[in-house]
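Here are some questions and answers on aromatic rings and the charges over them. The sequence and the structure come first.

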Amino acid sequence: MPKPPPPLWLLAEVTHSCPLQCPYCSNPLDLIPKKDELDTENWLRVLHEARQIGAAQLGFSGGEPLVRKDLEVLIGEARKLGYYSNLITSGIGMDAERVERFRELGLDHIQVSFQADDAVLNDYIAGTNAFQHKLDMARAVKANGYPMVLCFVIHRQNIGQVRQMLDLAAELQADYVELATAQFEGWALLNRDHLLPTQAQVREAERIAHEYQAKLKGKMRIYYVVPDYYENRPKPCVGGWGRVFLAVAPDGLALPCHSARGLPGLELHNVRERSIDWIWNESPGFNHFRGESWMKEPCSTCDEREKDFGGCHCQAFKLTGDPTNADPTCAKSPHHHLVEKAIDTSALGLVPSKPIVFRQRRKATP
């Protein structure tokens, strides 16, 4: 195979620790304990090595990255290295002074997540009293000259309040708003029967998003992400396996996709033992789904295979048991009936037999 292009995006998942317990979290069910996290020295080396091979954008994520006491050190080093850096946060663990400190250190971008537009639903989904603090932090971000970027994860529990979410965003003078329908990995897949909205709900939310896009054009940019389950073609997962995206998990495992840890037969390597250069260019794990040699029908002859690259391998594995199958969200997949069955169950509006499971800090026992 020809040498792959350098990664554009480095996702530094610096911790799985989080004060929130969102049931749609995409972290794995077996959360990495704090004692196994990379230390500051190793994270600094990761930033240097990824930048050396071409990574330009850097996301600090988790869990909640604010729980890392060395976050300021990492942000400062990212600025020196020339990254465009982004903090993806709930806002818990931040105050106005810390926001100002981030700006002084050169952090480019802060994205604050909300679970809903009101305290009752937001705090129920988050599993803690967080709403008022989120409001305060969104205002602090704006006051420090950052573009205000808000993210609402949409699912059946809150999709009926999209209009109110956008009204809140307008009140906060948000510059960008992402309405990101939950993608069913990790805890979200465990809770899918509680979270998957109906097709009617998805389309109504989309209609409202388009209404506000027109009304607030030039003032606020709104992005509405339709869930894979309701599109006939899969999204190109992370821009294509090993093409633009490199994630490093809290324990140092390098991943072509943040959920790839659970795929069978995948030889992944840790940054404690191998360089980022070798992992990106040479490792079996990152080369596993590059190109088309792994493809079987219908992907191997599909005229859209260079657009979606077969879709999400993690989704294929979780739903069919084989990561080389076509993503079942694709209407051409022989396993598409599995997605249709989930959609039909959602449309019935039945109360799931199992209670919703909130994200835990310990190992899950679903």
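Q: Over the ring of which residue does the charged end of K134 sit?
A: In this predicted model, the charged end of K134 is 5.8 Å from the centre of a ring. A charge counts as over a ring only within 6 Å of the ring centre and within 35 degrees of the ring normal. The ring under K134 is that of F114.

Q: How far from the ring centre of Y212 does K215 lie?
A: K215 lies over the face of Y212. The distance from K215 to the ring centre is 3.9 Å.

Q: How many residues apart are F114 and F131?
A: F114 belongs to strand β4 (residues 109–114), and F131 to helix α5 (residues 131–143). The pair links distant parts of the chain, and the separation is 17 residues.

Q: Is F131 buried or exposed?
A: Buried means under 20% relative accessible area. The value for F131 is 9%, so F131 is buried.

Q: Which parts does the pair of F184 and Y229 tie together?
A: F184 and Y229 form an edge-to-face pair, 5.3 Å centre to centre with 65° between the planes. Both F184 and Y229 are buried. The pair ties together the loop between β6 and α7, where F184 lies, and the loop between β7 and β8, where Y229 lies.

Methods: Residues numbered from 1 in each chain as written. Predicted model: local features only at pLDDT ≥ 70, side-chain atom pairs only at ≥ 80, totals over all residues. Heavy atoms only, no water. Helix = DSSP H or I, 4+ residues; strand = E, 2+ residues; numbered from the N terminus. Buried < 20%, exposed > 50% of the residue type's maximum accessible area, 1.4 Å probe, protein only. Phe/Tyr/Trp six-rings, centres within 6.5 Å; stacked < 30°, edge-to-face > 60°.
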